[in-house]
Amino acid sequence: MPRNRRPQDREEKREEILAAAQQLFIDDGYESASMGQIAKNAGVTVNTIYWYFRDKDDLLVAVLDRLLAEALAQYATIADRPLGDRLLWTVDQLERLHGLVNTVHTRAPASPAVHAWHTGFHELADTLVADDLRKAGAAEADLPAMTAIGTFVIEGLLTHRPDDADKRAVIDLLVHRLTTAPTRT
């Protein structure tokens, strides 16, 4: 049973629940992390979690939002680096969270909340890549296919997990092809 604690701000308690869930989802995996274990690690009861989150998928989405906000803040610090370096950084970040990446892909078909988050994530990623390709002179008509190719390459790297040299070679070739491809008229 959770220990008695001082009265706590609602947002502070929500953050403690998120921190506990994030740690368990990353360390043990989404499926293995029970709401009871999350509650215990956060120092609350299971019922308390449901005051803040509808269900485990809602909690997962909140954790994903938190991780994405952290990643975007970090990404802003490398925004002036070449596109290839930023894509490698992205792959490295996603590799660190490979269990959650797999969870999102597994849960999205069954969970409207996770599906919506996954769709929004891809829209954001596509927008970031499209902006870079636009700056490199890519034709607007080519951007949807080019960003899809980038997504497929990144997901392939995450699935097959090549060594660093092979990752670099794949990303460098991708960036070269995407930024020097002839444009349709």
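Because the model is predicted, local features need pLDDT of at least 70 and side-chain atom pairs count only at pLDDT 80 or more, while totals for chains, interfaces and linings use all residues. Residues are numbered from 1 along each chain as its sequence is written, and side-chain values use heavy atoms, with hydrogens and water left out.

The average pLDDT (the predictor's confidence in each residue, from 0 to 100) comes to 91 for the protein, and 93% of the residues score at least 70. Helices here are DSSP runs of H or I with at least four residues, strands are E runs of at least two, and both are numbered from the N terminus. As a rule, where pLDDT is low, the predicted coordinates should not be read in detail.

Residues 11-71 carry the UniProt annotation "domain: HTH tetR-type", which comes from an unreviewed entry. UniProt positions follow the numbering used here, feature names are shortened, and annotations may be inferred rather than shown by experiment. In the model, this span is 79% helix and 0% strand, and its end C-alpha atoms sit 21 Å apart.

Next comes the largest pocket, which holds about 810 Å³ of space. A pocket is found on a 1 Å grid over the protein atoms alone, as an open set of points where a 1.4 Å probe fits, with protein on both sides within 12 Å along at least five of seven lines; lining residues have an atom within 4 Å of a point. Grid points are joined across faces, edges and corners, and the volume is the space filled by probe spheres set on them. Of the 38 lining residues, Leu68, Ala71, Thr90, Leu94 and Phe121 are the closest to the pocket's centre. Helix 7 (112-135) is among the helices that each supply at least two lining residues, as are helix 1 (10-27) and helix 4 (56-76); helix 7 gives the largest share, 10 residues. By type, the lining splits into 23 nonpolar, 10 polar and five charged residues. Here Ala, Val, Leu, Ile, Met, Phe, Trp, Tyr, Cys and Pro count as nonpolar, Asp, Glu, Lys and Arg as charged, and the others, Gly among them, as polar.

That leaves the charged pairs. The whole structure has 11 salt bridges, each a side-chain nitrogen of Lys or Arg within 4 Å of a carboxyl oxygen of Asp or Glu. One of them joins Lys167 to Asp92, with the closest N and O atoms 3.0 Å apart. Lys167 lies in helix 9 and Asp92 in helix 5, so this pair ties together parts that are 75 residues apart in sequence. Lys167 is buried at 3% relative accessible area, whereas Asp92 is partly exposed at 34% (buried means under 20%, exposed over 50%, partly exposed in between, with a 1.4 Å probe and protein chains only).
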